[in-house]
Amino acid sequence: MKRAFYVSSLLAAMALPQAQAALVDDGKLSISGFGTLGVAKSDTDQAQFVRYNQATGVGDSWRLGLDTNLGLQASYKLSEQLSGTVQVLTRKNTSKSFTTDLTWAFLKYKVSDELNVRVGRVQLPTFLISDYQNVGYANTMMRPPIELYGQVPIENLDGLDVNYQHAFGDTNFTVQAGVGQARGKLFVPAANTVAHYRAPAKAISMALERGPLMVRYAHLEAVMNSDDVTPVNALSATLASVGFAQLGRDLGFVGGKKIKFDALGATLDWNNLLLQAEFGKRRSVDPIYVAQTDAWYVLAGYRVGQFVPYYAHASYKGKGTSVTLPANFPAAGPLSAAVRGLLLPAEQDANLVGVRWNFASAAALKLQVDRVEPKVKTGALIYGPAAGLKDKVTVFGATLDYVF
C-alpha cells in the first residue's frame with residue numbers, strides 16, 4: 001500500500017492532499033487551496049487552550065480562531081525542469097486577529113526523476129507531518145498534538161533544499177536536506193507581546209516507506225537570535241545590575257543560541273487500521289532559558305465506512321536546564337524566584353478522542369474532545385493563574401476541512 005509515501009511526496013510538492021481538484025490547471029498554471037472552518041471551547045476561563053505559538057486561544061465560550069485557516073497556492077511550470085510555487089496562509093498565529101503570511105515561495109529545478117532542488121522559502125522537514133501540518137484534510141486528528149509540535153515554532157526556511165527519492169525494490173527511500181535562514185515571530189505569553197527572531201538553520205529528514213508502513217527521522221539545528229524578548233531582557237538587566245551579568249547573558253537569545261531538535265515518527269496504514277506515533281527531543285547546545293524537553297504522542301484509529309474514530313495520548317516533560325546558576329546565587333527572594341521560575345519547564349499530558357467523517361471526496365468533518373492535564377506551571381495553556389493551573393481542562397472542537 002503506497003498511501004503514506006504518496007501523500008507525503010505529493011504534499012511536499014503541492015502542499016495539498018490527493019483528493020484536491022485545482023481551481024485552475026491548464027498544464028502550466030495551477031491554482032489550488034485548502035482550508036479549515038473550526039469552532040472550539042473549553043470548560044474553564046482560568047486559562048486558554050492554544051495551538052503552538054498562538055497569541056489567543058479558547059476559554060469557556062465558542063470561538064473560531066483556534067483551528068480555522070485558509071491556504072491558497074499557485075504553481076507555474078516554466079519548463080520541463082523548472083517551476084515556481086507560492087503559497088499564502090491566513091490564520092490566527094502570533095496576532096489576536098487573522099493575518100496572512102507567505103509560507104512558501106520557491107523555484108524548483110528537477111535535476112532528474114529522483115532529484116530536485118528548491119530555492120526560496122521552503123518548509124522545514126522537522127516533523128512526521130511537516131509537509132502538510134496546516135492542511136487539516138490531510139490529517140486524521142483535528143490538530144497536530146501541541147505537546148510535540150509546540151517544541152519547534154520554526155516552520156519555514158529562506159534558503160535551499162534538496163529532495164532525493166529512490167526505490168529499492170518495494171522500499172521507497174526519501175531524503176530531504178535544507179539550509180538557510182529562518183525568520184519569524186514568537187508569542188511571549190508572560191508579557192503578552194511578540195518577539196522577532198532570526199535563525200541560521202539546517203535540517204535533514206530521511207524516510208523509508210514499504211507497503212503500509214512509513215518511518216521518518218528528522219534533525220534540526222538552529223542558532224536562535226532575538227533582541228526583543230522583553231521579560232527575559234528585563235530580567236537580564238536586573239541580574240547585571242546586581243553582579244550576575246553572565247547569568248543574564250546565559251538566559252536570553254541575544255548573540256545567538258544554538259538549539260537542536262530530533263524527531264522520529266512512524267505511520268501504519270493497514271487495511272482499516274491506522275497507527276501513528278512520534279517522539280521528539282529538544283536540547284540546547286548553548287545556555288538559554290528555553291527548556292530542554294522530551295515529547296511524544298501515539299494515535300490509533302480504525303475506519304468504519306466513511307468514519308474514522310480515533311484516540312491519542314500526548315505528553316511532554318522537562319529534561320533539565322542548560323543554564324548553570326552561580327554558586328553564590330541566592331536560594332530565595334524575588335530575584336531567585338524569577339530566575340528559577342523561568343528555568344522551570346512546563347509539563348503536560350493530554351488524552352483525546354475524536355471521529356472523522358469523510359462525507360465528500362474533498363471534505364471531512366471532525367469532532368474531537370481533548371482532556372488536558374497540566375503537570376507543572378500551567379502546561380501549554382496561556383493566561384493562567386500566577387501560581388499555575390493544575391486542574392484538568394476539557395476542550396471541545398468541531399472542524400470542516402476541505403481542499404479545492
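Let's start at T394, which touches K41, S42, D43, V369, D370 and R371, leaving aside residues up to four places away in sequence; contact here means heavy atoms within 4.5 Å. This is a predicted model, where local features need pLDDT of at least 70, side-chain atom pairs count only at pLDDT 80 or more, and totals for chains, interfaces and linings use all residues. Residues are numbered from 1 along each chain as its sequence is written, and side-chain values use heavy atoms, with hydrogens and water left out.

T394 sits in strand β17 (residues 393-403); strands are DSSP runs of E with at least two residues, helices are runs of H or I with at least four, and both are numbered from the N terminus. With 11% relative accessibility, T394 is buried (under 20% relative accessible area, using a 1.4 Å probe and protein chains only). Its side chain makes a polar contact with the side chain of R371 at 2.5 Å. That term means a pair of N or O atoms within 3.5 Å, and within protein one must be able to donate a hydrogen and the other to accept it; residues adjacent in sequence count only if both atoms are side-chain atoms.

Over to strand β4 (residues 82-91), where you'll find Q87. Q87 is buried, at 5% relative accessible area, and its side chain makes a polar contact with that of Q73 (3.0 Å).

Now for a helix pair. The axes of α3 (residues 230-241) and α5 (residues 334-343) come within 11 Å and cross at roughly 135°; axes are lines fitted to C-alpha atoms over the stretch in contact, with angles from 0 to 180 degrees between N-to-C directions. V232, L235, T238 and L239 of α3 meet L335, A338, V339 and L342 of α5.

How values were computed. Buried < 20%, exposed > 50% of the residue type's maximum accessible area, 1.4 Å probe, protein only.
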